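Please keep the structure open beside you as you read.

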Amino acid sequence: MAGGKVKKEKGKPQQHTPYQGGISFHKSKGQHILKNPLLVDAIVQKSGIKPTDVILEIGPGTGNLTKKLLEAGKKVIAVEIDPRMVLELQRRFQGTPYSNRLTVIQGDVLRTELPYFDICVANIPYQISSPLTFKLLSHQPAFRCAIIMFQREFAMRLVAQPGDKLYCRLTVNTQLHARIFHLLKVGKNNFRPPPKVDSSVVRIEPRKPRIEVNNKEWDGFLRICFNRKNKTLGAIFRQKNVISLLEKNYKTVQALKLSQEGAVKDTGSQMDLSSFGDFDEDQGMDMDGGLDDDDGMEVEDGEAEGSQSEFKDKVLGVLKEGDFEEKRSSKLTLQEFLYLLSLFNKAGIHFS
């Protein structure tokens with residue numbers, strides 16, 4: 001099921017759209033059921049399902065897509081939060097050849113430990129788009145691909161390229177972990193009840209092997225870069241509170257190094273500084289994904305002064321070394337972001 005929240009009019013009871021079997025759909029919960037059989041067929045066809053695949057379906061609703069998935073794959077695991085839809089699914093497939101190949105899990109997919117699956121197909125409530133995307137991308141073992149229906153603007157952020165208007169922190173965060181392709185534009189009249197906006201279907205393919213980064217370091221770095229994505233990086237990294245934050249991190253790392261040297265002298269042991277390095281696969285992932293470029297740290301106008309000037313020169317020296325001073329985050333590629341972060345870390349400058 002897909003859709004967005006709809007405001008309830010004052011003085012009027014909340015309207016529900018009845019299903020032919022008697023079930024009412026709650027638009028406020030994002031319950032928008034695919035009703036166009038040609039669209040359902042197109043989604044299944046573009047999913048590239050193999051007869052041996054275990055398929056995870058999120059938000060199966062009344063089972064229109066579920067039936068086609070059962071015909072194409074080996075097994076379907078459907079996660080559905082609405083107990084009424086769970087009963088409808090069970091009734092629909094009970095006594096059919098598909099019944100022993102369908103497992104229904106009742107619960108919130110964001111709070112559910114997902115089992116093994118080869119491919120995910122999902123028509124989801126729009127309000128869980130970002131957390132669900134990153135939950136899937138952190139799933140192990142990695143699946144082959146996910147075919148997901150998103151609100152169109154969100155989908156276009158995922159597939160945006162450097163220089164596009166919708167290119168943002170969410171774009172870079174998701175493309176770090178996956179290759180993403182736009183498959184279909186879906187008009188709102190293909191749903192019952194129709195949502196207020198159009199949708200798009202995208203294909204998400206986790207990168208194999210993964211690009212390993214320290215996720216806290218990466219997130220802190222991107223938050224600064226995209227705070228004002230159309231400013232030059234030189235202007236962003238001259239700001240007083242950016243310099244102050246980075247200098248504080250720098251001093252912390254230097255203090256840890258001194259502590260490490262002392263520990264080596266005393267005990268011959270060595271302190272683990274991996275949380276400050278470039279690579280750490282166990283760090284938590286930013287779940288909001290960076291949909292808004294201006295959230296997070298507020299950047300004040302004005303350059304660093306006084307005692308900060310020496311450290312500011314160090315920061316700007318990194319930008320000059322990589323020829324990034326006049327470049328803008330809105331036009332940097334993923335590879336350029338990774339390279340710039342590595343230059344900062346090499347100079348002992350960290351973002352977490």
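1. Let me start with the overall make-up. The chain's secondary structure comes to eleven helices and eleven strands, where helices (H or I, at least four residues) and strands (E, at least two) are DSSP runs, numbered from the N terminus. This is a predicted model, in which local features need pLDDT of at least 70 and side-chain atom pairs count only at pLDDT 80 or more, while totals for chains, interfaces and linings use all residues. Residues are numbered from 1 along each chain as its sequence is written, and side-chain values use heavy atoms, with hydrogens and water left out.

2. On burial and surface, 49% of the 352 residues in the chain are buried. Buried means under 20% relative accessible area, exposed over 50%, and partly exposed in between (1.4 Å probe, protein chains only). The accessible surface is about 17,000 Å², and 50% of that surface belongs to carbon and sulfur atoms; the areas come from the Shrake-Rupley method with a 1.4 Å probe, and for residues only the protein chains shown count as cover.

3. Contacts (heavy atoms within 4.5 Å) are worth a look too. Of those between residues at least 6 apart in sequence, 73% join residues at least 24 apart.

4. An α-helix has 3.6 residues a turn, so residues three or four places apart point the same way.

5. Both ends of α1 have something to show. Just after the helix, glycine 48 has a positive phi of about 65°.

6. Please check two peptide bonds. The one from glutamine 140 to proline 141 is cis, with omega near 0°, and proline 141 sits in the loop between α4 (129–137) and β8 (145–151). Lysine 208 and proline 209 are also joined by a cis peptide bond, with omega about 0°; proline 209 is in the loop between β11 (199–206) and α7 (215–225).

7. Aspartate 323 is another backbone point to check. Its phi is near 60°, a positive value in a residue other than glycine. Most residues other than glycine have a negative phi, and most peptide bonds are trans. Aspartate 323 lies in the loop between α10 (309–321) and α11 (334–346) and counts as exposed at 56% relative accessibility.

8. Now to charged pairs. The whole structure holds 13 salt bridges, each defined as a side-chain nitrogen of Lys or Arg within 4 Å of a carboxyl oxygen of Asp or Glu. One of them joins aspartate 82 and arginine 84 at 2.7 Å, N to O; aspartate 82 is buried at 7% relative accessible area, whereas arginine 84 is partly exposed at 28%. Another links aspartate 108 with arginine 111, with the closest N and O atoms 3.7 Å apart. Here aspartate 108 is partly exposed at 28% and arginine 111 is exposed at 74%.

9. Which residues form a network of salt bridges? Arg169, Asp219 and Arg223 are linked in this way. Between aspartate 219 and arginine 169, the closest N and O atoms are 3.3 Å apart. Aspartate 219 lies in helix α7 and arginine 169 in helix α6 (residues 169–177), so the pair ties together parts that are 50 residues apart in sequence. Aspartate 219 and arginine 169 are both buried.
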